[in-house]
Every structure is written in structure tokens, then in C-alpha cells.
Amino acid sequence: MKYIPYEIIKAAQNYDSEAIAYILKHFEGFIAAESKTKYESGDGQIKTYTDDDLRYLGQIGLYSAIFRFQFREPPEDFEE
């Protein structure tokens, strides 16, 4: 998993549009994958598509999470 640098998150929290776009782009695939919906077609086959409303809600959730995210110091025994 690729991590988002601390500096980009802090910049996004200060309303830097490029940093916000970077974070949204980073999670774009995950949001699309989690927004898949199944339906049964007229011939009985199960099909999958990306629900645009669910994807939009995921983007809104991520956007609001950027501003609620709080940093704290790692514990003393933390190893990277």
C-alpha cells in the first residue's frame, strides 16, 4: 500500500486544491471498487456496474474525512 505523505495531508487540511486532488486521485480506484452494484439482467445474468451515486457519496466521505483527520505522536515503541 502506498501512503500519502504527511505534508500533503496537512496541505489538504489547509484547503490546498492540488493536495486535495492528489488524495482524491489516490483513493479513486478504491472508491470505484467499493461502489460496485450487482443487478440481474432481463436474460437472468448477474451484471455489475459502478453506481455513480455511491461513488459520489464515497468521494464526499473522503473529502470530509480529510478535515476531520487528527495527527498524534506515535508510541515510543513504534517501528516503521
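Me: Why is Glu 28 called partly exposed?
Reply: Glu 28 has a relative accessible area of 43%. Buried means under 20%, exposed over 50% and partly exposed in between (1.4 Å probe, protein chains only), so 43% makes Glu 28 partly exposed. This is a predicted model, in which local features need pLDDT of at least 70, side-chain atom pairs count only at pLDDT 80 or more, and totals for chains, interfaces and linings use all residues. Residues are numbered from 1 along each chain as its sequence is written, and side-chain values use heavy atoms, with hydrogens and water left out.

Me: What makes Lys 25 count as exposed?
Reply: Its relative accessibility is 55%, which is over 50%, so Lys 25 is exposed.

Me: How do you know that Lys 25 and Glu 28 meet in a salt bridge?
Reply: A salt bridge needs a side-chain nitrogen of Lys or Arg within 4 Å of a carboxyl oxygen of Asp or Glu. For Lys 25 and Glu 28 the N to O value is 3.1 Å, so the pair qualifies.

Me: What makes Arg 55 and Asp 52 a salt bridge?
Reply: Their closest N and O atoms are 2.9 Å apart, therefore within the cut-off.

Me: Why are Arg 55 and Asp 52 separated by about one helical turn?
Reply: Because they are three residues apart in helix H4 (residues 52-68). A helix here is a DSSP run (H or I, at least four residues), numbered from the N terminus.

Me: Why are Arg 55 and Asp 52 called partly exposed?
Reply: Arg 55 is at 30% relative accessibility and Asp 52 at 48%.

Terms used
Helix = DSSP H or I, 4+ residues; strand = E, 2+ residues; numbered from the N terminus.
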